[in-house]
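Here is my note on the model, point by point. Please read it with the structure open.

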Amino acid sequence: MVSRITCEVSDESPVTVVRLAGALDLGTMRAVHTVLDRCLTTLPDALVVDLGGVTVADRLALSVFAATARQAADWPAVPVVLCSPPPDAAAWLATSTTCRVVPVRQDCAEATRWAGASAAPRLRARLEPVAGACRRARELVGDACSRWNVPHLVEPASLVLSELVGNVVRHARTPMRVTLTLHQPYLRVAVADGSRTAALAASPDLSAEGGRGLLLIREMAQRWGSSPLADGKVVWALLPAN
C-alpha cells in the first residue's frame, strides 16, 4: 500500500531538513516518528521539519513532534523546530502543548537560521577498540572542557567517558563514535558502537573484579540510557554542568 505521507530528508549541514507531504493523522504519525528518529541518530546540529505540504487530518497527530523533541532533549541534544504549517495546523499548534516543546517558524529559511543559532557546541571523534582508546577519550574531554571553559567537568566526564569507551573495547569490540555536547544544564557524553546488545547495569558479586562500570555511571550521571541505532546502539549520560 502506498503511504499517505512522504518524508524528504535533506542534509543541509549543519542542519537536517525533513519536508513532509501528504496526510498527517494517527495512522501516518508513526512513519513520521521513525524518519525523525533516524535523522536524530545521524547527530545533526539541528532538525527542521517543514510542514508546508502537509494536511493535518487529526490534531492529535501533531503530538509526534513534541515526542521527538522530548526524546532529542536527552540524546542527542538536538534542537527541533517546525516551519510553514498550513493555517489549520498553525491554529492547532498555537493552542497545543506541542508549541511549548517545539518552536514554530514562518518559513524554512527562518527555521534553519534559528535552529543553527540554537545548536549546542559539540565535539565528535571516532575511536578504534584498542588499548589506548580510554586515554584518547580522556584527552578529548580535556580538549572539550578547555574549549568550553568548564574545567570542573574534566574529572567526572573523563571517568564516565572512560567507562563507556572501555565497555566498547571489552565487549562490543567495534569502532565507536564519541560525542560530547554542552547543552545547559548538562554536559552530554555519548558513545555509539556497532553492537545491538543494549547496555544494562549488572549486579556483580562483591568479590568480582569488574562489571561495575555502568553502576558507577548511574551514580555519577543525572540520567543515562542505551538507545538503539540502525547499525548498533549509543550509550549516553547526562552530567550536571553547573
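Where is N149 found? N149 sits in the loop between α6 (133-147) and α7 (154-172). Helices (H or I, at least four residues) and strands (E, at least two) are DSSP runs, numbered from the N terminus.

1. Ground rules. This is a predicted model: local features need pLDDT of at least 70, side-chain atom pairs count only at pLDDT 80 or more, and totals for chains, interfaces and linings use all residues. Residues are numbered from 1 along each chain as its sequence is written, and side-chain values use heavy atoms, with hydrogens and water left out.

2. Positive phi. Most residues other than glycine have a negative phi, and most peptide bonds are trans. N149 is not a glycine, yet has a positive phi of about 60°. N149 counts as exposed, at 62% relative accessibility. L43, also not a glycine, has a positive phi of about 60°. L43 is in the loop between α1 and β3 and counts as buried at 11% relative accessibility. Buried means under 20% relative accessible area, exposed over 50%, partly exposed in between (1.4 Å probe, protein chains only).

3. Cis peptide bonds. The bond from W75 to P76 is cis, with omega near 10°. P76 is in the loop between α2 and β4. The bond from Q184 to P185 is cis, with omega near 10°. P185 lies in the loop between β7 (176-183) and β8 (186-193).

4. Helix α2. The buried residues of α2 (residues 63-74) are V64, F65, A66, T68, A69 and A72. Their cover includes β2 (15-24), α1 (29-40), β3 (46-56), β4 (80-83) and α4 (98-101).

5. α1 against α2. The axes (lines fitted to C-alpha atoms over the stretch in contact, with angles from 0 to 180 degrees between N-to-C directions) come within 10 Å and cross at roughly 25°. The two helices are therefore roughly parallel, a term for angles under 35 degrees. M29, V32, H33, L36, D37 and L40 of α1 make the contact with S63, V64, F65, T68, Q71 and A72 of α2. Contact means heavy atoms within 4.5 Å.

6. V235. V235 is in strand β10 (residues 232-240) and is buried, with a relative accessible area of 7%. Leaving aside neighbours within four places in sequence, its contacts include L164, V189 and W224. The C-alpha atoms of V235 and V189 are separated by 8.4 Å, though 46 residues apart along the chain.

7. The hairpin. β9 (residues 223-229) joins β10 through a hairpin of 2 residues. The strands pair in the antiparallel sense over 7 bridges; pairing requires that DSSP finds at least two bridges between strands. R223 has L238 of β10 as its bridge partner.

Terms used: Angles under 35 degrees count as roughly parallel, over 145 as roughly antiparallel, 65 to 115 as roughly perpendicular and the rest as oblique.
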